[in-house]
Amino acid sequence: MQIILQTVKQTHRSSRSGRAAGGSDIKMGNADTKLHFRKAVIQLTTKTQPVEASDDAFWDQFWADSSTTVQDVFALVPAAEIRAVREESPSNLATLCYKAVERLVQAAESGCPSEKERQIVLNCTRLLTRILPYIFEDADWRGFFWSTVPGAGRAGRLDEDDDEDDARPLAESLLLAVADLLFCPDFTAQSHKKNGQDAPEDIRSIDSCEYIWEAGVGFAQSPPLNYVHDMNRTELLKLLLTCFSEAMYLPPSSERKNLNPWVSFFCSTENRHALPLFTSLLNVVCAYDPVGYGIPYNHLLFSDHREQLVEQAVQILIVTLEHDAGSAAGAALQALERSTSPSALEEHEAAGPDNLFVNYLSRIHREEDLGFILKGLARLLNNPLVQTYLPRSTKKIQFHQELLILFWKFCDFNKKFLFFVLKSSDVLDMLVPILFYLNDARADQSRVGLMHIAVFILLLLSGERNFGVRLNKPYTLRVPMDVPVFTGTHADLLIVIFHKVITSGHQRLQPLFDCLLTIIVNISPYLKSLSMVSANKLLHLLEAFSTPWFLFSYAQNHHLVFFLLEAFNNIIQYQFDGNSNLVYAIIRKRSIFHQLANLASDTASIQKALQKKKKSGISRTNSIEMESMEGSRPAVPAEPGTLKASLEATPGIDKITEKAQVGEDGTMIVLPHSDSPKMTAVARASDAESSERDHEVYHAESESVRSRLSSVSSSAAWSANPDWVLTWKAKLPLQTIMRLLQVLVPQVEKICIDKGLTDESEILKFLQHGTLVGLLPVPHPILIRKYQANAGTAMWFRTYMWGIIYLRNVDPPIWYDTDIRLFEIQRI
């Protein structure tokens, strides 16, 4: 590294003297410019002597060409040659990077008044996008951009008169130049020049807040669409994303201090464009309408340059918003508690997170802004669900996973946004597409990350009472999903799809079973009337999870039974009146509860049950499928050869939730982690072995497999024994259900005999008018498990996010075939 820097210092000095002497300039003429470019690359790789930085004739060959595209640059600069220069002519690679950054800084200062300068900016941008991943993959080179190169002044321009001690690292010069160029009039922004005004606007003096790209949060004017500006912005954002991708070349680490220096600097007060850039990115994403004017097949007739920009913008947003979850959430709450007066905002500026993007996000509070963001995200997430009579006539976006991460970050960092989402039925506009993706991806191993993010979002939402209440709204849409047609609520849809994921998803989804059932438990006290279809699905899950061979197979399987019993108890205790369908299903399947109460726990019975063990945790044959929704297609496995990025282990449910008890006035009291007298038996039983077990499981599997194939795979040394069965069997919360059966079964049997009933509608009518007031045990307190961020989930999100970005950026393939260390790319 030292040798490289020394060479750059020497070449930089000679560059100054060369320019002072009037360095030569190259004349391209009409020769084949691509050939010139290729020759320059070959010269760079074959020269054994360092090329002087002052040799502008040589260096200009890399960016003076006016006809190379980004695809050309990737084709004409092969990976093997970049690595060869890095190893054999390090000073040439260092000078190339330095010179390219220098040209961007010069262009940012001049404001790119001519077409030629704009072309140089684009060519330098493409070249750096190509080279940076190969700088990052080599540990010795990683610090190169953060070392000070002489002549890079603190003002952000490569100033020759600056003192070397006051130099700015190359990375900072590059990031500030890109930020300037993103608001360059007539290049990436609509010019405000008056007619007849010849001089270009001074980029150093313009207020970039007047050049925000799109109307929306904090900006009312919508500039006219300009596809050239969109294309130029997209290329600069691609370079920015490549700068931030240094994170991909570091092994996974859950240490919080592991901040990305590129992101930290770009989102700091050093970047004077931070606010207009955050606003531009957010507004461009939330204002985008892929359907356009509704002309069928319009996406086949016109190329949509805005889509590429939106895709890059949402990727930049999710990467820059990666932050220490604890402090960001805390800052968001602080921001809510303060008034929104200017002085209070200034005070918060000092106290809030250093990352300005997180700071700005956490402080969005106006109803119209929150509504704009929610409507924009809902519109885009619902896009793949749009049904039309003409097949494939509407454009389908592909960046839904990035949108889900962005929605997640908004809910996590801005509590005002979360409350806004939940206070109206608009939350259902987010719920339906999330359930659609869950159902659609359940058989596809390459989309296991999508399944996780969708479940994490629902877990976060389910911690709030309003979410459970909103789910009672009737479900009348007919989204094309292969689920049974039913008449019911959004809660029914959620339960039917969760059942589908558990019973017909692939094996790698087992770690999510705890999360799925926790969501059902969280919403259960508020569900006013389940349909017969969803009631039967819940009983089917209990039947499958309570078979002796399943209970005795792994140390944690009984937790699933506890979750389901807790959900039934909540509905019976708090919503008995409207849930005759569930009560009837419980009566019909009463043998399950009796078998659980009388579960044999002697060694012989355990061994006999285990011999019956089947291959899968859930029998896939005994769920009777009904007619599916119109236009639906079954979930299909990934195509052979599909690439997928590996994921970090997901922490156990007790690691990502904290328990809160709902008081009589509806407020929540967070319970301490240790068992307290207020906690119900089910809560204690669910966590009986969890802390010790999860510690071992999480660490062992993070190291070895890096993604849990099963939540229980490390229990190989464990085996069921009578003492273990008795410890949790005694805590099974069966009292409420047994009392219900004791009271209602004789009554139902008597009516059937007396009236000769065979029609279940008459029995349901009787159950609707029945009451158990005074007959059931005293209602237990409602216990909610709220999502709680931790280092393990932060690490999971980082690997998932960068895995998506890697796989989605295929044209050009920025990171393909480089030495990624954050995750592994696997072929299915």
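These are my notebook entries on a predicted model of one protein chain.

**Ground rules**

I number residues from 1 along each chain as its sequence is written. Because the model is predicted, I take local features only at pLDDT of at least 70 and side-chain atom pairs only at pLDDT 80 or more, while totals for chains, interfaces and linings use all residues, and side-chain values use heavy atoms, with hydrogens and water left out.

**Entry 1: the whole chain**

I began with the secondary structure. The chain has 37 helices and seven strands. Both are DSSP runs numbered from the N terminus: helices are H or I with at least four residues, strands are E with at least two.

Next I looked up burial. Of the 828 residues, 59% count as buried. Buried means under 20% relative accessible area, exposed means over 50%, and partly exposed lies in between (1.4 Å probe, protein chains only).

Then I checked the surface. The chain exposes about 33700 Å², and carbon and sulfur atoms supply 53% of that. The areas come from the Shrake-Rupley method with a 1.4 Å probe; for residues, only the protein chains shown count as cover.

I also looked at contacts (heavy atoms within 4.5 Å). Among contacts with a separation of 6 or more, 80% are between residues 24 or more positions apart.

**Entry 2: the three-stranded sheet**

I traced an open sheet of three strands. Its order is β5-β4-β6, and the pairing is antiparallel. Two strands pair if DSSP finds at least two bridges between them. The edge strands are β5 (668-670) and β6 (782-787), each pairing on one side only. Neighbouring strands are turned by 40° against each other on average, direction ignored. For that angle, axes are lines fitted to C-alpha atoms, for helices over the stretch in contact, and angles run from 0 to 180 degrees between N-to-C directions.

How many bridges join β4 to β5? I found three, with β4 at residues 657-662 and the two strands antiparallel. Val-662 has Met-668 of β5 as its bridge partner. Ala-660 stands opposite Val-670 in β5. β4 and β5 form a hairpin with five residues between them. In the turn, Gly-666 has a positive phi of about 90°.

Gln-661 is bridged to Leu-783 of β6.

Is β4 buried or exposed? Six of its six residues are buried. Thr-657, Lys-659 and Gln-661 cover one face; Glu-658, Ala-660 and Val-662 are on the other, and all are buried.

**Entry 3: two helices**

I compared helix spans with the expected value, which is 1.5 Å times one less than the number of residues. α9 (residues 227-244) has 18 residues and reaches 25 Å from first C-alpha to last, close to the 26 Å expected. 15 of its 18 residues are buried. At its start, a side-chain oxygen of Asn-226 comes to within 3.0 Å of the backbone nitrogen of Val-228.

α21 (residues 448-462) has 15 residues and spans 21 Å, close to the 21 Å expected. Since 15 of the 15 residues of α21 are buried, the helix is largely enclosed by the rest of the structure.

Most residues other than glycine have a negative phi, and most peptide bonds are trans. I looked for departures from that.

Cys-112 has a phi near 45°, a positive value in a residue other than glycine. Cys-112 sits in the loop between α6 (90-110) and α7 (115-136). Cys-112 is buried, with a relative accessible area of 0%.

Asp-186 has a positive phi too, near 70°. Its loop lies between α8 (170-181) and α9. Asp-186 is partly exposed, at 34% relative accessible area.

Which peptide bond did I note as cis? The one from Asp-811 to Pro-812, with omega near 0°. Pro-812 is in the loop between α37 (791-808) and β7 (825-827).

**Entry 4: Gln-507**

Where is Gln-507? I placed it in the loop between α23 (490-504) and α24 (513-523). Gln-507 counts as partly exposed, at 39% relative accessibility. Its C-alpha is 9.8 Å from that of Arg-442, a residue 65 positions away along the chain.

Conventions
Polar contact = N/O pair within 3.5 Å; in protein donor to acceptor, adjacent residues only side chain to side chain.
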